[in-house]
Structures are given as structure tokens and as C-alpha cells.
Amino acid sequence: GGGLPMTLLKELTPILLALEEREDGHGSPKGLPGKEIPAAARLANAFAHWNWLQNSRFYAPRLNPTEAQAALSNAALKTLGEDEVNALIDQTDETT
């Protein structure tokens, strides 16, 4: 056995499907804009972007927390939810 209970999978499916959506409606698979994207997916996108900025990439160095916050704020307007980005930045301010 094991595996995810079907009820949990049903709850997660809309969130998982929306992970590539963008605030401006140019994401995939449905091109959902802003508040049509499930809040949990918007928050997961903001967190994933924060994590990505905080790690070295072969084409760009790791950003310090101040630089990452600025980059995250810029991304909020186009690709990430502004409320979710602000909540994440508030949380990182408390932990840094």
C-alpha cells in the first residue's frame, strides 16, 4: 500500500495544475489570471521563486536576502501574486 489518499489528491489537483500559471494570465495550462489561480498555488509559486533566487544557478549567482526580496517584488507584478509575495517577504524579514 501506501500512497496518497484520494481525497487529498482531489484537493491538491487544482493547486498542482496551477503551479505554472502566472499573475498576468500568460501561464499554463489554462492561462488563469491573478485571483483565478488558487491561493495555495500562488503562494507555492512565490516560495519556489524565492528558493530559486536564494540558490546559485550556473548562469547567475545566489542573491542575498535584500536582492532576492527586490527581485521577488519585481516578479510579483507579472508572474506572482502581490499579496503572496508580500506575505513571503514579511516572513523572510522575520527570519533573517
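F58 counts as exposed because its relative accessibility is 83%; exposed means over 50% relative accessible area, buried under 20%, and partly exposed in between, with a 1.4 Å probe and protein chains only. This is a predicted model, where local features need pLDDT of at least 70, side-chain atom pairs count only at pLDDT 80 or more, and totals for chains, interfaces and linings use all residues. Residues are numbered from 1 along each chain as its sequence is written, and side-chain values use heavy atoms, with hydrogens and water left out.

**Rings**
- One aromatic pair turns up in a search of the whole structure.
- F58 and Y59 form an edge-to-face pair, because their ring centres are 4.9 Å apart and their planes stand at 85°.
- Rings of Phe, Tyr and Trp (its six-membered ring) pair if their centres lie within 6.5 Å; planes under 30 degrees apart are stacked, over 60 edge-to-face, the rest tilted.
- R57 has its charged end over the ring of W52, 4.4 Å from the centre (NZ of Lys or CZ of Arg within 6 Å of the ring centre and within 35 degrees of the ring normal).

**Helix α2**
- Helices are DSSP runs (H or I, at least four residues), numbered from the N terminus.
- Helix α2 covers residues 39-53; its 15 residues should span 21 Å at 1.5 Å a residue, and its end C-alpha atoms are 21 Å apart, which agrees.
- The expected span is 1.5 Å times one less than the number of residues.
- Buried residues in α2 are A41, R42, N45, A46, W50 and L53.

**L72**
- L72 lies in helix α3, residues 65-78.
- L72 counts as buried because its relative accessibility is 0%.
- Beyond neighbours within four places in sequence, L72 contacts (heavy atoms within 4.5 Å) A46, H49, W50, L53, L80, V85, L88 and I89.
- The C-alpha atoms of L72 and H49 are separated by 7.3 Å, with the two residues 23 apart along the chain.

Key. Helices (H or I, at least four residues) and strands (E, at least two) are DSSP runs, numbered from the N terminus.
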